Amino acid sequence: MSLEQIPSSLLLRTAMQESSHPFAPLSAEEIKTASALVKGLWPSNTDLHYKVVTLEEPAKTEAVPYLDAEHSSNQLPRIDRRALVCYYLRNTNKFHEALVNLSANTVESNARLGPSIHAGGDGEEVLAVERIALEDEGVRADIAKLQLPEGTVVICDPWIYGSDGVNDNDRMYQCFLYIRDPENPSEADSNHYALPITISPVVSTYTWSVIRIDHLPTGADNTVKEPQPYKVQPPNEYISDYQTLRTDLKPLNVVQPEGTSFQVTSQGTSSIVAWQKWQLRVGFNQREGMVLYDVRYDDRSLFYRLSLSDMNIPYADPRHPFHKKSAFDLGDVGAGIMANNLKLGCDCLGSIHYLSGVLATDKGDSMEMPNVICVHEQDGGIGWKHTNYRTGRAAIARNRDLVLQSIITVANYEYILAFMFNQAGEVTYEVRATGILSTQPIDEDLEVPWGTVVHPGVLAAHHQHIFSLRVDPAIDGHSNRLVYEEAHAMPRSDFNPHGTGYVAKETVVTHSGGYNVDYDVNRIFKIQNTSVRNPVNHKPVAYKIHAPPFQKMLSDAESFNHKRAEFADKNIYAVKYRDGELFAGG
């Protein structure tokens, strides 16, 4: 068969197979193809609401030989490209999950999921919920009872309806309402969180209507009242136009006149970043946002996959409807779909390289996500120092970090999410929270123990931020194990007559489950490979895990909060690998 006789679709699939790495996110064309193949399963007039069209990563038994061949410059084995497609029949509760083989142009499976399994939100849906809530006649009638100044603009913040054992088969949004400063209603960036009101409509995504209007308790108990005339408090704006800015700071410039020390190589929809013996592949998807694959140091394998698996933010107010405020920002919406365009605002300094992504829309089309990851270097302070007091000579080396950072906006909050690599082979995952507190109305001159008054008539309820980082290790290969090491005092004896001795004791983790750090015995966890030994002390090569201290979830073990976020009660969970098991929540 000559080249002219080969069908164009076959040429396309061959080129796609050869050019697409198994870990490369779906391209715009692949998203459209997967959506169209699923659409083809249904009558032509069926309207599908696509929730996720994303890469279905290959089984590890396929991917590891591919990576081995890639790093040894051998012939690459063929791996079919697959897409996971999650969708509703629009305006129904019929939620489906399909697996599409893009290499074969076929749908391998398509199943309707159970009634209590729901998809996250998307941008178009959230805007529709806002519109429906604010246009509802009952909501408007309640707003009229507030007797707001003429021209006041009401703002709606929809929250995915947290599970509480009531109507969990329905998919709803609990909406919290606020107003802009009535003296300046045209300011679209007004801080409406400083002016909450007591009306809270609930919107069903099946009927696309307000099915209930809750009134918020504002006192020290569960008492609720009909909307009353609203006392407008002074505004509390955050944008610089309304601030008195400092003028006494001199410029601090970070410049790299010779450019950066890292290299970024684009390979289709993924990129390879190389810096100071490090090499890693960067991907991006709807739910996790930034994902790192095949992380290597000095050509040694370290991690198969690194990603933020989930995050949970349970709130402290036990009263209806606040008890349902328990956000799962990755599962409820997605770190990818909420990622900022960092060219519009980023805290990175110096020479910055931006990486972009492609995601799916609710109609199965592709959507560009520009500049969602920034790559830059930063000074890491002193890396090592010693002064010989006999000679007075000081030897010092500075530390430099490579930072891959993404920022997501989840309604009121921003999260700054960064993987950081240094020249000593260390990896740090850093999360910083900024933005604005989620607020609710409270009676004036009242204090409650489950929150803090942050503005007249405004309460910010206490809440926890609990994150789950998923680490799939491959330290010098895939035969890794988890151990923990503790320091214990030696008993007094002839060998230890002064009672000062202590030893380090190592224990191998043999069962899947949750484990805690213990500062009383300085318990630390290590990921080891026993088949590769340190050439000096002959101990297994290992990475030490510095699990940060945090207060475990305060919701009790029988609560829906706890059942949805079981990862939140231990410092570390160690589980056996299973393909497709990526998310800790649910």
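This report walks through some strands, helices, loops and cysteines of the structure above.

## Before we start

The structure is a predicted model, in which local features need pLDDT of at least 70 and side-chain atom pairs count only at pLDDT 80 or more, while totals for chains, interfaces and linings use all residues. Residues are numbered from 1 along each chain as its sequence is written, and side-chain values use heavy atoms, with hydrogens and water left out.

Helices (H or I, at least four residues) and strands (E, at least two) are DSSP runs, numbered from the N terminus. Two strands pair if DSSP finds at least two bridges between them.

## A sheet of four strands

Let us begin with an open sheet. It has 4 strands in the order β1-β2-β3-β4, with antiparallel pairing. At its edges lie β1 (48-55) and β4 (106-112), each of which pairs on one side only. From one strand to the next, the twist averages 20 degrees. Strands of a sheet pair through backbone hydrogen bonds, either parallel or antiparallel.

Looking at one pair in detail, β1 and β2 (residues 82-89) are antiparallel and share 7 bridges. Here valine 53 stands opposite valine 85 of β2. Helix α2 (residues 28-39) lies across β1, β2, β3 (95-101) and β4, and runs at about 135 degrees to β1. For such angles, axes are lines fitted to C-alpha atoms, for helices over the stretch in contact (heavy atoms within 4.5 Å), and angles run from 0 to 180 degrees between N-to-C directions.

Next comes helix α4 (residues 123-135). Its 13 residues should span 18 Å at 1.5 Å a residue, and its end C-alpha atoms are 19 Å apart, which agrees. The expected span is 1.5 Å times one less than the number of residues.

Which residues of α4 are buried? They are Glu125, Ala128, Val129, Ile132 and Ala133, where buried means under 20% relative accessible area, exposed over 50%, and partly exposed in between (1.4 Å probe, protein chains only). These residues cover an arc of only 130 degrees around the axis, so they sit on the same side of α4; the arc is that of the directions from the helix axis to the C-beta atoms. The buried residues of α4 pack against β1, α5 (137-145), β5 (154-160), β6 (172-179), β7 (199-204) and β8 (209-215).

Isoleucine 272 has arginine 281 of β11 as its bridge partner. The two strands form a hairpin with 2 residues between them, and glutamine 276 in the turn has a positive phi of about 45 degrees. β11 is mostly covered, with 7 of its 8 residues buried.

β11 also pairs with β12 (residues 289-297), in the antiparallel sense and over 7 bridges. This second hairpin has 3 residues between its strands, and valine 282 stands opposite leucine 292 of β12. β12 in turn runs antiparallel to β13, with 6 bridges joining them. Their hairpin has 2 residues between the strands, and aspartate 298 takes a positive phi near 55 degrees.

## The enclosed strand β13

Why is β13 described as largely enclosed by the rest of the structure? Because 14 of its 15 residues are buried. β13 is joined to β23 (residues 466-473) by 8 bridges, and the two run antiparallel; aspartate 310 stands opposite serine 468 of β23. Another 2 bridges join β13 to β14, again antiparallel, and proline 314 stands opposite serine 326 in β14.

The loop between β13 (300-314) and β14 (326-327) holds proline 321. A cis peptide bond joins histidine 320 to proline 321, with omega at about 0 degrees. Most residues other than glycine have a negative phi, and most peptide bonds are trans.

Two loop residues have a positive phi. Serine 73, with phi near 60 degrees, is in the loop between α3 (60-71) and β2. Its relative accessible area is 67%, so serine 73 is exposed. Asparagine 91 has phi near 65 degrees and is in the loop between β2 and β3; at 45% relative accessibility, asparagine 91 counts as partly exposed.

Finally, how many disulfides does a search of the whole structure find? It finds 0, a disulfide being a pair of cysteine sulfur atoms within 2.5 Å. Cysteine 86 is buried, at 9% relative accessible area, and cysteine 348 is buried at 8%.
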